[in-house]
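Thanks for asking me to look over this one. Here are my notes, in the order in which I would go through them with you at the screen.

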Amino acid sequence: MKADCLFCKLYREGDHVAATDGFVAIRDINPQAPVHLLVIPERHIDTFRDIGEFPADEAKRMLEFVADVAAGAGLKDYRVVVNVGPSAGQTVFHLHWHVMGGWS
Ligand code: 5GP
Ligand code: ZN
């Protein structure tokens, strides 16, 4: 946990729409799609660039949770996005997965 990190805080205290051991999903505060969720791992890494710091089983479980969150939200077709670095649109420096869908 990083003391001054918004998503470390939301992992602990957020309004979770789904959760499993080590991962939660929350609603994006500024949705860019009819359904826009964020999957946040408990393990803090600043960006996807550091994904090598995740144990393999944890990385696999994280991806499975992304798929479960989308299914749980009733999405069949959807977009999964990770912004990596400021010029790619990253604003929160704790790895997270955007799950966007619901366009019908
Ligand atoms: P990024 O731009 O880093 O890829 O994504 C960060 C996302 O977090 C943005 O889509 C932004 O709307 C969302 N966000 C920022 N602050 C908060 C917050 O306090 N609560 C929630 N639920 N989402 C947030
Ligand atoms: Zn964090």
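Predicted model: local features only at pLDDT ≥ 70, side-chain atom pairs only at ≥ 80, totals over all residues.

1. Let's start with the metal. Which protein atoms hold the zinc ion (ligand 2)? Its donors are SG of C5, SG of C8, ND1 of H44 and ND1 of H94, and they lie 2.0 to 2.3 Å from the zinc ion. Along the sequence, these donor residues follow the spacing C-x2-C-x35-H-x49-H.

2. Now for the geometry of the site. The angles that the four donor atoms subtend around the zinc ion run from 104 to 116 degrees, so the arrangement is tetrahedral. Four donors count as tetrahedral when all angles lie between 85 and 135 degrees.

3. Are C8 and H44 buried or exposed? Both C8 and H44 are buried.

4. Next, please turn to strand β5, residues 97–101. This strand is mostly covered, with five of its five residues buried. W97, V99 and G101 point one way from β5, whereas H98 and M100 point the other way. The residues on either side are buried.

5. What are the pairing partners of β5? Strand β3 (residues 35–41) pairs with β5 in the antiparallel sense, over five bridges. In that pairing, V35 has G101 of β5 as its bridge partner. Strand β4 (residues 78–81) also runs antiparallel to β5, over four bridges. Here V80 is bridged to V99 of β5.

6. That brings us to ligand 1, which is surrounded by 16 residues. The closest are R27, D28, G89, T91 and H98.

7. A backbone N or O atom of R27 is 2.7 Å from a nitrogen atom of ligand 1, and one of I29 is 3.3 Å from a nitrogen atom of the ligand. For V92, a backbone N or O atom lies 2.9 Å from an oxygen atom of ligand 1. On its own, ligand 1 has 520 Å² of accessible area, and the protein covers 80% of that.

Notes: Residues numbered from 1 in each chain as written. Chains lettered and ligands numbered in written order. Heavy atoms only, no water. Buried < 20%, exposed > 50% of the residue type's maximum accessible area, 1.4 Å probe, protein only. Helix = DSSP H or I, 4+ residues; strand = E, 2+ residues; numbered from the N terminus. Pairing = 2+ DSSP bridges. Donors = N, O, S within 2.8 Å, 3.2 Å for Na, K, Ca; no water. Tetrahedral: all angles 85-135°; square planar, octahedral: opposite > 155°, others 65-115°. Near = heavy atom within 4 Å. Polar contact = N/O pair within 3.5 Å; in protein donor to acceptor, adjacent residues only side chain to side chain. Areas by Shrake-Rupley, 256 points an atom, 1.4 Å probe, with all protein chains shown as cover.
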